[in-house]
Amino acid sequence: MSRITITKPDDWHIHLRDGAMLERTVNDVAAWANRAVVMPNLTPPVKTLEDALAYRDRIMSALKTDSGNSEFEALMTLYLTDATSPEIIEAAAASPFVCGVKLYPAGATTNSAAGVTGLEALKPTLAAMEACDLPLLVHGEVTDHDIDIFDREAVFIERTLAPLVDEFPKLRVVLEHITTKDSVDFVTSARNGVAATITPQHLLFDRNDMLVGGIRPHLFCLPILKRRLHKEALRAAAVSGNPKFFLGTDSAPHTVETKEAPCGCAGCYTAHAAMPFYAEVFEEEAALDKLEDFASHFGPDFYGKPRNTEYITLVKEEQLSPMSLSFGESTVTPLRAGETLAWRVETAG
Ligand code: NCD
Ligand code: ZN
């Protein structure tokens, strides 16, 4: 198959950043996605409906509406902190522009210092989310110093997530950017209302790709790439046709200086070529016929939103992925910079 037309996708997890970076991040994703769930980990974080609406205005002003992107919608999220009250949740849930609340364990990843230090005190807040049907989006890693970085997702499921989904049986929960077979197994057997997003980098790479023969900072993201068996489990989940697994790129730009550094930042930029990345994986798995479900159906179904009515066409035609992308004054090295990609987006609209 050399050409496939599918319902226009959505990205259910992306970092658009702010200020000068918005011009590229917003338009890169709007070129292939109709909606994107925008992460709130700015500095300072997006903590209230007011913050989210102001950020949404900045995002929508960065959108170039002359190139078929005019339908693009930013679905906003709030950043859960120890101080998020049930009143904040109720106000957010009443807005059509907010689609979830993001839980970052404090210190787990980029700009997570304001994250949650313990869920016990937040139970009334979680109960309000459950009552208002506002989904909880989870960065699923423990941050305990004594837990190995490769085990942090699995330990989080056992210690935090499994008890949480039991205690709040109607709360909708998305385990974001899953990286392990443990997560695939957990989500597969979990009750209804528990789902997961999967990134291109975790489908394409394992930790050997990042570490063998030299360290590749542009493959470093969180949760970190795991061993191959986990990548295989993620691939199987993505192409399984199970509606609990859907597309979320976790595209997260960091400038080249902050990635190629003694203490480099976590995050991969993929928004410019996300569909070519996913199409390559689905083709390798002989499952191109499942791409539309994963990219365009299961996400809106989970979030209770209509499926898009526009289409995009992907063609199998080699293209060189750029070595670098300019972001105003800064430069970002995207995922698979300088490599040949097998697919490209031909038309979107
Ligand atoms: C994200 C970022 O840079 O904001 N980085 C990442 O490695 N995924 C934060 C996150 O989603 O963990
Ligand atoms: Zn993320």
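**Note on the predicted model and its ligand site**

1. The shell around ligand 1 comprises 4 nonpolar, 9 polar and 2 charged residues. The model under review is predicted, and the remarks below should be read with that in mind.

2. Which residues come nearest to ligand 1? Of the 15 residues around the ligand, the nearest are Arg17, Thr109, Leu222, Asp250 and His254. Two of these five, Leu222 and Asp250, are taken up again in the next point through their polar atoms.

3. A nitrogen atom of the ligand is 2.6 Å from a polar side-chain atom of Asp250. On the oxygen side, a polar backbone atom of Leu222 lies 2.8 Å from an oxygen atom of ligand 1. A polar backbone atom of Gly267 is found 3.2 Å from an oxygen atom of the ligand. Considered alone, ligand 1 exposes 310 Å², and the protein buries 100% of that area.

4. The peptide bond from Leu222 to Pro223 is cis, with omega near -10°. Pro223 belongs to the loop between α8 (207–211) and α9 (228–238).

5. Pro44 is located in the loop that runs between β3 (35–38) and α2 (49–62).

6. His177 lies in the loop between β7 (173–175) and α6 (181–189).

7. As to the overall fold, the protein contains 12 helices and 13 strands. Its C-alpha atoms fill a box of roughly 50 × 45 × 40 Å along the principal axes. The radius of gyration is 19 Å, which agrees with a compact globule, because a globule of 349 residues would have a value near 20 Å.

How values were computed:
Residues numbered from 1 in each chain as written. Chains lettered and ligands numbered in written order. Predicted model: local features only at pLDDT ≥ 70, side-chain atom pairs only at ≥ 80, totals over all residues. Heavy atoms only, no water. Near = heavy atom within 4 Å. Polar contact = N/O pair within 3.5 Å; in protein donor to acceptor, adjacent residues only side chain to side chain. Areas by Shrake-Rupley, 256 points an atom, 1.4 Å probe, with all protein chains shown as cover. Nonpolar A, V, L, I, M, F, W, Y, C, P; charged D, E, K, R; others polar. Helix = DSSP H or I, 4+ residues; strand = E, 2+ residues; numbered from the N terminus. Rg over C-alpha atoms; globule rule 2.2 N^0.38 Å.
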